[in-house]
Amino acid sequence: MIDGKKVLFSGMQATGTLTLGNYLGALKNWVALSEEYECFYSVVDLHSITVRQDPAELRKRARNLLILYLAAGLNPEKNCIYYQSHVSGHAELAWILNCFTYMGELNRMTQFKDKSQKHADNINAGLFTYPVLMAADILLYQSDVVPVGIDQMQHLEITRDIAQRFNGVYGDVFTIPEAYIGKSGAKIMSLQNPEKKMSKSDENPNASIYLMDDPDTIRRKFKRAVTDSEANIAYREEQPGVRNLLDIYCACTGRMPQDAVAGFQGQGYGQLKEAVGEAVVSVLTPVQEEFARLSKDKSYIDGIIKSNAEKAEYYAAKTLRKVQKKVGFPERIRK
C-alpha cells in the first residue's frame, strides 16, 4: 500500500511495434486503473535483450513506447512511468530470487519452450530465468495486483510461489500479488488466424493492427480479415473470426456483444468489417496525434524520465534494503 492505495505493476517490452491488441487488452485499461491504484508502469527493456537487439533501435523503441504510454492517457503525475533499466533494483533482486527458484519450475515455463524454438541459435540463460526477473519486477514494489492475460498467468503463479517461499524462510517480506484480468478487450486475436492472439511479432503484416498504422491501412487490413462462409453475424465460438471482429468493435465502442450483433442484423461481413475499421480509426487517431505532439517536446519527456526513475528507485530501494538485510548482506555505509 502507498498512501492508502493498493500497488499495481505492469510493463511492456521495448521490442516490435505495439498492436491494437496491446492497446485494447492492456494500455487502454491501465488509464482507468490509475484512478484506483498506485501504478508503476515500466518499459521492460531488460527483458528485451534475451533476444539480440540493435542498440540504437532498442533505445528508439524504448523511448517511443514510453511516449505511447503518455499518449494513451497515462498521467505521469499519477503513475510512475519509467525504464526498467534505470532502476538497478530489478536486476539485483532478480539475482537474489534466482537463488530461491527451482530449475524444475523454470523448465515448466511454456514461454521458454516457445522462444527457444523461435530463437534456437540463442537459447541463453536470460531466456531461461526470464520469469525470475519478472517476479523481481512485481515484488520490488510490493505489488498487490498485476494486470495479466490468460497467457501470463503462469508467470504470476511462479512469482507468487517464489514470494511465498522467501516469506516462509524470512518472514513477511513480500506482498503476495493477485491477478487483475480486464473484462473487455482482454484478448484480441489475429485478423488472419483468429485461433491465435494478435502479436507484434507476427510475420504476416495483415494479421495485426499496429498503433501507428494510418487510417487507410487499418481499413484495408480489416477488409482482408478472415471470417467464414456462414455469412451470419453471430457472437459464438464456432465463428472465431466474426467473434474477434465483434470483440474489437465492442472494445472500441463500449457496446456489449449482444447489442452489437443486434445492430448488425441483416448486414453482411463487408459492412461489419467496415464498421470495425472505422471504430478502430476513431480510437487510434487521437493517440497517434498526441504521440506526434509529445515526440516533439524532448525536454518534457526527458523530465518525466528523470523524475519517474527517481520515484521508482525510491520505492525499489525500500524493498531491496529489506531483502538484503534478511539474506545476510552487510549493511551499506551511507553518507
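Predicted model: local features only at pLDDT ≥ 70, side-chain atom pairs only at ≥ 80, totals over all residues.
Visitor: How many of the residues count as buried, as a percentage?
Guide: A residue is called buried when its relative accessible area is under 20%. The protein has 335 residues, and the part of them that counts as buried is 50%.

Visitor: Is Gln324 buried or exposed?
Guide: Gln324 is found in helix 13, which spans residues 298-327. The relative accessible area of Gln324 is 11%. The cut-off for buried is under 20%, so Gln324 is buried.

Visitor: Which residues is Gln324 in contact with, leaving aside neighbours within four places in sequence?
Guide: Contact here requires heavy atoms within 4.5 Å. With those neighbours left out, the partners of Gln324 are Glu92, Ile96, Phe329 and Arg332.

Visitor: What radius of gyration does the protein have?
Guide: The C-alpha atoms fill a box of roughly 75 × 45 × 40 Å along the principal axes. For 335 residues, a compact globule would have a radius of gyration near 20 Å. The protein agrees with that, because its own value is 21 Å.

Visitor: How far apart are the centres of the positive and negative side chains?
Guide: Lys and Arg count as positive, Asp and Glu as negative. There are 42 positive and 40 negative side chains in the protein. The distance between the centres of the two sets is 4 Å.

Terms used:
Residues numbered from 1 in each chain as written. Heavy atoms only, no water. Helix = DSSP H or I, 4+ residues; strand = E, 2+ residues; numbered from the N terminus. Buried < 20%, exposed > 50% of the residue type's maximum accessible area, 1.4 Å probe, protein only. Rg over C-alpha atoms; globule rule 2.2 N^0.38 Å. Charge placed at Lys NZ, Arg CZ, Asp CG, Glu CD.
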